Structures are given as C-alpha cells and as structure tokens.
Amino acid sequence: MASTFQFSKAVLAWFNKSGRKHLPWQQDITAYRVWLSEIMLQQTQVNTVIPYFEKFVAKFPDIHALAAAKQDDVLALWTGLGYYSRARNLHRTAQILNNDYHGIFPDDVETLSSLPGIGRSTAAAIISIAYQKRAAILDGNVKRVLARFHAIDGWPSETAVAKKLWQHAEEHTPKNRCGDYTQAMMDLGATVCTRTKPRCAHCPLQKQCIAYKEDAVALYPGKKIKKTLPIKSVNMLMIRNKKGEVLLQQRAPTGLWGWLWCLPESASLKNAESMCQTLCGQEPSTTKIWSSWRHSFSHFHLDITPILLNVNTKSSSVTEENLRWLHPSQVETLGVPAPTARLLAQLAAC
C-alpha cells in the first residue's frame with residue numbers, strides 16, 4: 001500500500017497537470033467565495049453552479065453584503081438550485097459571522113462546523129483552500145476515491161464506514177499545499193474516479209488502488225439500500241387576475257420550501273374554488289384543470305395537478321402579509337421552488 005506521502009504526492013502531481021484551476025471560485029480566493037461555492041456544490045454539478053455563483057457574488061460580493069440582504073433576495077438568486085435550506089443557512093451564517101466574528105471566518109474546523117449549514121468536510125475545505133491550513137475533507141467525490149483505493153465495503157454514510165473513510169482522509173492529507181490537495185481530491189473524484197465509467201487509465205492512484213487490482217471498481221463505494229419512495233399528490237392553484245398576475249403564498253419558515261413563495265395548494269379539486277374565494281375575495285370566473293406531472297425529491301414523489309382559476313379583478317392588493325400578486329415575467333424577483341417557476345413560465349407563454 002502506498003504511504004501517506006506517496007498518495008498525496010501522486011495526487012498533487014496529477015493536479016499540477018490535469019486539475020481544474022480556472023473555475024470562478026478559484027479566482028480571487030477568499031473564505032467567503034470558497035464557502036459559497038462549497039455550499040452551492042453540495043449535491044449539485046459544477047456546470048450548474050457556475051452561473052449561480054457568478055450572479056450571487058455580483059449581488060453579494062462579501063459576507064457583509066450577504067448578511068445585510070433580505071432573505072427574499074437571497075432565495076430569489078437560489079431559485080432552481082434546489083435544497084433551499086442551504087440558502088437559508090447561508091444567510092443565517094452570514095449574519096452570525098457578521099455580528100459575532102466581525103465578518104471574519106474562523107480558521108478552525110470545530111468553530112466553523114458549529115455554524116448553520118457547515119459540516120466537518122465543508123469547514124475543512126474552507127480552512128485548507130482559503131487559509132492553507134491542514135484539514136482533511138470527505139465530500140462525496142473523496143469518499144468514492146478512498147472507498148475504491150482502500151476497497152472499503154458498505155455505504156459511505158453508514159457510521160462505521162464513514163469512520164474508516166475519515167481515518168484514511170486524515171492519513172493522506174499532507175502538511176504542505178493543503179489547498180491544492182483538497183481541490184485535487186475533489187477534482188479526481190469529479191473528473192476521473194467518477195461514479196460510472198471511471199477513467200482508471202488516467203488515475204494517478206491506479207497502481208495502488210485495491211478495487212482496480214481486484215477488477216472490482218464498480219463495487220465501490222457500496223450502495224444505499226433503495227427504498228420505494230412514497231407518492232404524494234397536490235393541486236397547485238394558479239389564481240390569475242385581469243392584469244395577468246398570479247397569487248403566490250409564502251411558506252412557513254420550516255418544512256418543505258420554507259420561506260419560498262409558492263402557488264397555493266388544495267388537497268382536493270372540490271375546495272379549489274372556495275380557496276380562491278378565501279384568498280383573493282372572489283370566486284373564479286373560469287376554472288381549467290391542466291395535465292398532472294411528477295416532481296421528485298430525494299425522499300418522495302410529488303404528483304402535481306395545476307388548476308388555473310381566472311378572477312375578474314385588476315387589484316394587486318392583498319390583506320395577508322404572506323400573499324403577493326406577481327406577474328410571471330417577474331419570477332426572478334422572488335425565491336420560488338422549481339414547480340412554481342415551471343408553471344409561471346408556462347403561464348407567461350400563454
């Protein structure tokens with residue numbers, strides 16, 4: 001087995017030649033930019049993140065700007081990225097750092113990990129890349145590299161398996177070039193040691209990789225036992241006034257789509273029209289049921305039936321703070337979940 005020094009040396013030599021060095025967050029490196037990119041990259045592909053990152057830092061260039069922002073503005077820039085708790089935690093952490101730490105990121109894993117939305121691996125990435133301090137990371141890409149290299153059985157998120165992977169992550173992390181090594185390990189997993197069709201011929205660890213030697217790369221890392229996802233159904237009400245505006249309702253802070261502006265929901269088709277009366281003070285002049293479609297989450301499927309209810313009002317006034325009329329063309333001004341954005345786009349095209 002390769003020693004810790006040989007492992008990191010091989011990874012860094014590969015990074016020198018083949019690592020990614022021109023991503024937006026790799027330019028003008030600060031703890032803020034590293035943190036933002038790491039949060040955005042959680043469960044999201046690099047190509048998807050790039051335009052979001054660029055828009056975000058243009059609007060909120062530093063921790064002070066983000067801390068001072070309205071949550072609606074933060075969520076609006078997050079629309080389409082999903083996993084919206086990341087954006088809420090991002091905003092809350094910015095406020096904590098601004099108020100309690102003078103806008104400066106702590107440079108130790110324990111303190112950073114205590115902040116909303118920052119786990120051990122994310123904290124280590126910030127510290128190693130922004131501050132060049134030794135700290136081991138273990139994101140999904142690194143888990144895959146280490147699971148194959150050491151032929152570690154089991155699903156990486158299981159406690160016992162994660163413990164083994166963390167031990168190896170610590171062993172292999174060098175004292176020098178900490179930031180480059182962190183980036184190199186993430187890149188290696190993302191571009192070479194991929195989930196499917198790994199490019200083993202291009203891997204700097206091939207000769208010592210146990211999974212490769214045993215022709216068992218596809219067996220690692222172990223898979224999570226799949227469960228049949230439950231299916232839920234909902235009717236989304238597109239209440240539209242004479243000006244073409246649609247009534248949106250802001251969700252409670254917690255739960256699915258917390259704080260986001262969504263289309264009102266009806267548990268049954270029967271009470272959709274009465275809800276329209278309750279929310280905007282008018283019964284619909286026309287009602288049309290659109291075709292249903294499915295939106296899937298990691299833990300359940302949501303079958304959505306859109307219902308268009310036209311009302312004969314031109315008023316944009318509402319009585320409740322959690323209600324707002326919005327023209328579909330202005331959807332980017334608010335944080336909305338993907339299904340709401342999709343339906344507003346369809347309405348805009350009508």
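**Figure 1. Overview of the chain, a predicted model with 14 helices and 8 strands.** Helices (H or I, at least four residues) and strands (E, at least two) are DSSP runs, numbered from the N terminus. The C-alpha trace spans about 75 × 45 × 35 Å along its principal axes. Of the 350 residues in the chain, 49% are buried. Buried means under 20% relative accessible area, exposed over 50%, and partly exposed in between (1.4 Å probe, protein chains only). Contact means heavy atoms within 4.5 Å. Among contacts between residues at least 6 apart in sequence, 66% join residues at least 24 apart. Residues are numbered from 1 along each chain as its sequence is written, and side-chain values use heavy atoms, with hydrogens and water left out. As this is a predicted model, local features need pLDDT of at least 70 and side-chain atom pairs count only at pLDDT 80 or more, while totals for chains, interfaces and linings use all residues.

**Figure 2. Strand S7 and its pairing partners.** Strand S7 covers residues 301-310. Of its 10 residues, 9 are buried, so S7 is largely enclosed by the rest of the structure. Two strands pair if DSSP finds at least two bridges between them. Strand S1 (residues 231-240) runs parallel to S7, and 10 bridges join them. In this pairing, Ile-239 stands opposite Leu-309 of S7. Strand S5 (residues 286-289) pairs with S7 in the antiparallel sense, over 4 bridges. Here Thr-286 faces Asn-310 of S7 as its opposite residue.

**Figure 3. The hairpin of S6 and S7.** Strand S6 (residues 293-296) runs antiparallel to S7, and 4 bridges join the two. The hairpin has 4 residues between its strands. Ser-296 has His-301 in S7 as its bridge partner. In a regular strand the side chains alternate between the two faces of the sheet. Strand S6 shows alternating side chains. Trp-293 and His-295 point to one face and are buried.

**Figure 4. Helix H2 against helix H6.** Helix H2 (residues 31-41) and helix H6 (residues 85-100) have axes that come within 10 Å and cross at roughly 160°. Axes are lines fitted to C-alpha atoms, for helices over the stretch in contact, and angles run from 0 to 180 degrees between N-to-C directions. H2 and H6 are therefore roughly antiparallel to each other. Angles under 35 degrees count as roughly parallel, over 145 as roughly antiparallel, 65 to 115 as roughly perpendicular and the rest as oblique. The crossing of H2 and H6 is right-handed. A crossing is left-handed if the near helix is turned anticlockwise from the far one by less than a right angle, and right-handed if clockwise. H2 contributes Trp-35, Leu-36, Ile-39, Met-40 and Leu-41 to the contact. H6 contributes Arg-86, Leu-90, Thr-93 and Ala-94. By class, the contact residues are 7 nonpolar, 1 polar and 1 charged. Ala, Val, Leu, Ile, Met, Phe, Trp, Tyr, Cys and Pro count as nonpolar, Asp, Glu, Lys and Arg as charged, and the others, Gly among them, as polar.

**Figure 5. Helix H2 against helix H3.** The axes of H2 and helix H3 (residues 46-59) come within 10 Å. They cross at roughly 140°, which makes H2 oblique to H3. H2 passes H3 in a right-handed crossing. On H2, the contact residues are Tyr-32, Arg-33, Leu-36, Ser-37, Met-40 and Leu-41. On H3, they are Val-46, Val-49, Tyr-52, Phe-53, Phe-56 and Val-57. This contact divides into 10 nonpolar residues, 1 polar and 1 charged.

**Figure 6. Gln-43 in the loop between H2 and H3.** Phi of Gln-43 is near 60°, a positive value in a residue other than glycine. Gln-43 counts as exposed because its relative accessibility is 63%.

Figure 7. Phi of Asp-215 is near 50°, a positive value in a residue other than glycine. Asp-215 is exposed, with a relative accessible area of 72%. A cis peptide bond joins Tyr-220 and Pro-221, with omega about -10°.
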